[in-house]
Amino acid sequence: MSGREPALPGREGREAIGEGAGDRRPGPAGERVSTPGSPALPPAEDMGAGPVPDAAPAPGAAMDAPAPARGGKGGAEVRREGDALRLSGRLTSLTAGAAWRPAMKGARGARRIDLSGLETLDTSGAALVLAAAGVAGRDVPVEGASRPVAAVLERSRGASGRPAAAQAGPRMGPVRGVGEWGVGLWNAALDGMAFLGEAAATVVNAARRPRDLRVADLLRHLDEAGTRAFGLVALLGVLIGVILAFQSAIPMQQYGADIFVPRLVGISLLRELGPLLAGVILAGRTGSAFAAELGTMTVNEEVSALRIMGIDPMVLLVLPRMLAATIAMPVLALLMDLAGLVGMSIVMIGRGFPLQLVLNQLHIGVALGDLLGGLGKAAVFGLVIAGIGCRAGLAAGSGPRAVGDAATAAVVGGIVALVLLDGIFAVLFYRLGW
Amino acid sequence: MDGMAERAGVGDGIADRPADRPAVIEARGISMGFGSRVLFRDVNFDVGRGEVFVILGGSGCGKSTLLKLMIGLYQPTAGRVTILGGDLSRADGEARRNLLRQLGVMWQSGALFGSMTLLENVMLPLEAHTDLPRDAREDVARVKLGLVGLGDAAGRLPAEISGGMAKRAGIARAMALDPPILFLDEPSAGLDPVTSAGLDELIKDLARDLGTTFVVVTHELQSILAIGDRCIMLDKEAQGMIAEGDPRHLRDEPPNDTVRRFFRRETR
């Protein structure tokens with residue numbers, strides 16, 4: 001927190017306008033004033049005050065009409081007439097986009113900017129006028145503005161000129177309690193399905209309009225979910241490989257079968273344990289982080305703010321995370337596989353088997369399909385774990401505890417889903433003969 | 001307390017609005033509660049164009065909930081709220097998007113996105129709803145920040161600014177698209193008197209210069225009297241609206257004891 005706050009814009013500039021604009025309605029559109037390029041407008045008395053008809057176009061008048069088509073009917077018009085740049089129509093946040101580049105082009109070399117045809121100006125439109133005046137040059141006069149237009153322009157000029165104990169619930173009987181629990185479970189299942197549908201629709205829409213995806217966010221999440229997990233995955237992979245090799249070699253040695261340990265560990269890692277353990281790491285590390293981050297945003301009303309701004313949180317927040325996890329998971333699973341095989345090789349070499357023999361056994365026992373099947377599973381695990389994490393975050397309640405609950409739900413839900421999916425894949429691969 | 005008796009100032013239940021200001025928000029018979037807890041019942045009011053309309057009342061009476069009902073985040077248990085003729089809680093698709101463009105909300109906490117600078121926060125709605133080129137979006141966002149006195153802080157993160165600055169930045173973001181209606185949830189809460197007075201002045205100036213309609217939720221007496229054209233008062237015990245009208249008039253001639261205690265800061 002900073003100690004000192006900058007003051008609100010001073011009233012000096014406003015007074016000039018405000019004197020005559022004391023009533024809430026801006027003056028009649030017919031009154032024209034010349035607004036020089038210098039910061040101050042003439043005082044209101046000089047502009048002339050008069051009765052304010054109800055029909056006077058107000059800057060806020062756009063409220064009772066549908067939003068005008070951008071650059072279309074009801075929009076702004078930009079024309080270069082001799083040495084004058086003429087702006088007319090309704091110059092608002094909705095029309096300024098189409099008018100911006102033509103206005104900047106037309107302002108080059110203009111000797112004056114004529115606003116006499118301008119019916120409506122809001123502060124976004126005022127930013128355009130001020131930018132055009134900046135392009136035209138410091139001394140170029142901005143003239144012909146009606147009084148309400150001049151008021152908005154002057155206010156914006158002043159702005160741009162600045163350097164840049166919880167209530168106890170009712171007691172529930174046991175039957176009612178069970179009913180509540182069942183209904184809650186059912187509602188949670190429905191919400192989960194709704195989220196699944198929303199996520200699927202978001203992915204399809206993103207495939208149709210890839211520019212909606214924020215690449216910078218995607219890269220950040222790829223880094224967080226992927227590259228920052230490499231060390232942990234490699235370490236755990238080596239240890240798992242060592243443990244698996246030791247635990248298998250001792251009983252197999254009794255039957256003289258310890259030469260087959262590389263095949264056993266290789267198939268186990270590539271088909272099952274690599275993706276599964278990488279998934280557990282992703283759920284514990286990244287799924288919970290997604291839930292905590294989105295949960296905090298929900299608690300702070302940032303997600304509500306996004307919705308009210310008409311921005312879909314699924315596109316801005318969920319899609320990059322799900323995509324990043326889907327891409328990162330196969331890489332993590334591959335790293336886990338390789339690290340596990342290194343750990344197994346260390347044990348085998350320690351037990352007197354040459355490395356070449358270990359590699360030969362792996363070559364004979366493990367097929368490319370085992371690796372690809374495992375990586376495919378890993379991608380699905382990543383998608384589901386990220387989805388569960390994001391869903392837990394967006395469904396967070398209020399208060400600091402909600403964030404913790406969301407993180408817990410993400411880890412538990414992610415691991416349960418992981419095991420369930422792994423079972424489904426096992427049956428599916430068996431049926432497909434893989 | 002007799003809830004009906006407390007509604008002495010409410011008249012027919014629809015707060016009087018000056019005839020020269022067409023209604024931009026209409027609330028009819030709205031009731032709201034959570035579970036078995038009723039917050040308020042049968043609330044009726046209109047908000048006229050260009051008004052600074054204040055929703056006041058003590059803590060926990062449902063002021064912020066009423067605001068969230070108005071912007072469609074909650075569904076009322078009964079009744080309907082329309083904004084510019086549309087019902088946000090029921091609109092969807094392009095109709096909802098068009099309605100959302102017509103309003104801005106300043107949240108109680110500011111609700112600024114922590115990973116973005118103030119400038120980026122204000123640019124976000126412009127990016128989503130306009131086809132302004134990037135440099136133009138930046139120019140426009142700088143003007144908005146300048147309007148709330150934060151021109152110098154454009155490059156700072158929300159974590160690096162004070163609560164008062166965060167509230168002002170929230171207003172700048174709410175104003176990004178120059179919406180005709182702005183909702184402010186507790187704009188003065190937790191601010192020092194000077195910053196609070198500055199915010200009040202800003203609200204009055206924007207309503208006057210830009211014709212913006214403000215719906216302000218607050219229980220700060222000085223703010224209510226300084227900015228409010230008209231107000232309604234909710235009461236927790238009466239579970240509804242107990243007064244309406246010009247806040248200065250309500251202060252001078254309170255229609256019931258609850259209003260009198262509120263404006264005179266009396267405990268009984």
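A crossing of two helices is left-handed if the near helix is turned anticlockwise from the far one by less than a right angle, and right-handed if clockwise. This tour applies to a predicted model, in which local features need pLDDT of at least 70, side-chain atom pairs count only at pLDDT 80 or more, and totals for chains, interfaces and linings use all residues. Residues are numbered from 1 along each chain as its sequence is written, while chains are lettered from A and ligands numbered from 1 in the order in which they are written.

Please select residues 96-107 of chain A, helix α3, and residues 123-136 of chain A, helix α4. Helices (H or I, at least four residues) and strands (E, at least two) are DSSP runs, numbered from the N terminus. α3(A) passes α4(A) in a right-handed crossing. The contact (C-beta atoms, placed from the backbone, within 7 Å) involves A:A96, A:A99, A:W100, A:A103, A:M104 and A:A107 on the side of α3(A), and A:S124, A:G125, A:L128, A:A131, A:A132, A:V135 and A:A136 on the side of α4(A). These contact residues divide into eleven nonpolar, two polar and no charged. Here Ala, Val, Leu, Ile, Met, Phe, Trp, Tyr, Cys and Pro count as nonpolar, Asp, Glu, Lys and Arg as charged, and the others, Gly among them, as polar.

At what angle do α3(A) and α4(A) pack? The angle is about 15°, and the axes lie 9 Å apart. Axes are lines fitted to C-alpha atoms, for helices over the stretch in contact, and angles run from 0 to 180 degrees between N-to-C directions. α3(A) and α4(A) are therefore roughly parallel to each other (under 35 degrees; over 145 is roughly antiparallel, 65 to 115 roughly perpendicular and the rest oblique).

**Second stop: the strands beside these helices**

Two strands pair if DSSP finds at least two bridges between them. Within this pair, A:G89 stands opposite A:L118. Together, β3(A), α3(A) and β4(A) make a right-handed β-α-β unit; right-handed means that, with the strands pointing away from the viewer, the path from the first strand over the helix to the second runs clockwise.

Strand β5 (residues 142-146) of chain A runs parallel to β4(A), joined by two bridges. A:D114 stands opposite A:E143 in β5(A). The chain passes from β4(A) through α4(A) to β5(A) in a right-handed β-α-β crossover.

Select helix α7 (residues 215-225) and helix α11 (residues 313-350) of chain A, which pack at about 45° with axes 8 Å apart. That angle makes α7(A) oblique to α11(A). Among the residues in contact are A:H221 of α7(A) and A:R321 of α11(A).

In chain B, three strands form an open antiparallel sheet in the order β2-β1-β4. β2 (37-48) and β4 (78-83) of chain B stand at the edges with a single partner strand each, so one side of each is left without a neighbour in the sheet. Strand β1 (residues 23-34) of chain B pairs with β2(B) over eight bridges, and B:F34 stands opposite B:R37. Helix α2 (residues 63-70) of chain B packs on this sheet, touching β1, β2 and β4.

Finally, six strands of chain B form an open sheet with mixed pairing, in the order β5-β6-β7-β3-β8-β9. Within it, β3 (residues 52-57) and β7 (residues 213-217) of chain B pair in the parallel sense over four bridges, and B:V52 stands opposite B:F214.

Note on methods
Two residues are in contact if their C-beta atoms, placed from the backbone, lie within 7 Å.
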